Amino acid sequence: MGRASVVSVRAGPVQIDEEDLIQGKDRHKWYETKFAAEDQPAWNIGRFLHSQQVSPEFRAVTVECEVSRERVPLRSAFKAAGQRAALRVNNSQERRCAVASAPFPEDMNIEPLFKVRGDLFAHEIKSAREPISIKAELTVLVNRKEAPEVYHMGPDDVVEVGPFVGTGLALRSSPLMAMYACPTVVMFVSGRGIATARSLLESTPDVLNLTLAFRRDVRVYYKAPNAASLVFRERFEDWESRGPVKVLTTTSSFQDAFDDDDSLMYDPATTGAIVLTGGDEEEDKAAREVCKEAEIFKILSDLVEAEPTTFLSSNPFEDWMTGNGKPTSRRGRGKGQQQQGPAAPEQGAEGAGAPSTPAATAQPAGDAARA
C-alpha cells in the first residue's frame, strides 16, 4: 500500500471581480423587499389654493399636496387626526401646523397600491413607468406669531410639504373605540384644538374615526374668548348632520358649558371624554376637573399621542450581511449568568429578538407596518 501524501495549502485573500455580478458586494440587495416610495424625496412640492381669516387670531390655509402611496411612504403620510403638517414656504424654516383636514380616504390610493403590488391589467405589459401622482387638499390652522410664512402665504409662494409629524390621537388604544360600550362622547375643545376636532369629526369610515353613526350622543363643548374667536362656525351644521352631534359654544368655562347643558342624559360608566386643547395644559386640566366631577373616567387627550408604529426595514439583516453588525456573544446559563441575545435593531427596523422572543412576522405588500 502506498502512503497518502499530506499537502498544506495556505489560503490567500479572496479577490472579488467587480464586473462579475455574482461576486458583487451589493448582491444582497437583489433580495431586498422594496417598500412603496422608499426611494422618493421626503419633501414634495405643493401648491397654495386659498386662505381664510377664521378668527382674529387664526387663519385657515389650504394647499394642494401629494398623497399617492407611490410618492409618499406610509411612515410619512397623514394617517390620524392630531398629526401636524410640516410646511416650508420659499425654502424658509420648517413650520409645524395643526391640521384641520380629515385624514385622506384610503380609496384615493386604490390605483397606486394596485401598482405597488406589481399587478397588471389584462391589456398591460411590464414596462418602466412614472409613479402615479394623487393630489388632495390640506387645510392647516395657523397664527401670525408661530408660522408667519404660512400665515402670509399667497399664490406666488412656493410651498413644500414634508413628512407629517407625530402619531395623532391615541384613539385606537382608547376605550372610546368601543362604540357600543361607550355610546356617549363629550368633547372639550379650545384654541387650536378645534382643528383636531374638525379632523376627527370629518374622518371617513375607512380611516381611524369616531363612527358617529353608531353613537347615541356626541356633545362638543367649544370654548373661545369671545364670539368672534369661534373658528369653523360654518362647519357646525355639517358636523351635526353626520350623526347625533351637538355643538355648544361658551365664552366662560368648560364647567359652565357642561352644567348649562340640561339636555344631556348620560351614564358615567358608558360615557367617554375627548379633550382637545391644542397642547394647552391649563385648559386640559380644567376639562379633566369637569370629567372628575361628572365621574367620567374614560378620557382621551391630545396631550398624549398614540404609540409610534414600528416599520419594517427593507433588509433587517443588511448589517450582518455586510459585516457591519456587532458580534453576538453568548454566555453560559450557569448560576448568576444570563443568555445575551443579539443587539437591538436600529430604530424603524425589525430585527430578530432574543431566542426566547417570537420571531417578527414579515408583512406583505408594499407598505409593511406593524403597530
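Reply: Two strands are said to pair if DSSP finds at least two bridges between them. In general, strands of a sheet pair through backbone hydrogen bonds, either parallel or antiparallel. The model here is a predicted one.

Strand β8, residues 184-190, and strand β9, residues 217-223, pair in the parallel sense, with seven bridges between them. One of the bridge pairs joins valine 189 to tyrosine 222 in β9. Both strands belong to an open sheet of five strands, ordered β10-β9-β8-β11-β12, with parallel pairing. At the edges are β10 (245-250) and β12 (298-301), each of which pairs on one side only. On average, neighbouring strands of this sheet are turned by 15° against each other, direction ignored. Helix α3, residues 193-201, packs on the sheet and touches β8, β9 and β11 (271-276). The direction of α3 makes about 145° with that of β8.

Now to the helix itself. Helix α6 covers residues 281-293, which is 13 residues. From its first C-alpha to its last, α6 reaches 18 Å, close to the 18 Å expected at 1.5 Å a residue.

Which residues of α6 are buried? They are Glu283, Asp284, Ala287, Val290 and Cys291. Seen down the axis of α6, these buried residues fall within an arc of 115°, so they line one face of the helix. The face turned away from the buried side carries the exposed residues Glu281, Glu282, Lys285, Lys292 and Glu293.

Is threonine 277 buried or exposed? Its relative accessibility is 3%, and buried means under 20%, so threonine 277 counts as buried. Leaving aside neighbours within four places in sequence, threonine 277 is in contact with Ser190, Gly193, Glu283, Asp284 and Asp302. Of these contacts, Glu283 and Asp284 are also among the buried residues of α6.

Buried residues make up 40% of its 371 residues.

Methods. Residues numbered from 1 in each chain as written. Predicted model: local features only at pLDDT ≥ 70, side-chain atom pairs only at ≥ 80, totals over all residues. Heavy atoms only, no water. Helix = DSSP H or I, 4+ residues; strand = E, 2+ residues; numbered from the N terminus. Axes fitted to C-alpha atoms, helices over the stretch in contact; angles between N-to-C directions. Contact = heavy atoms within 4.5 Å. Buried < 20%, exposed > 50% of the residue type's maximum accessible area, 1.4 Å probe, protein only. Expected span 1.5 Å × (residues − 1). Arc of directions from axis to C-beta.
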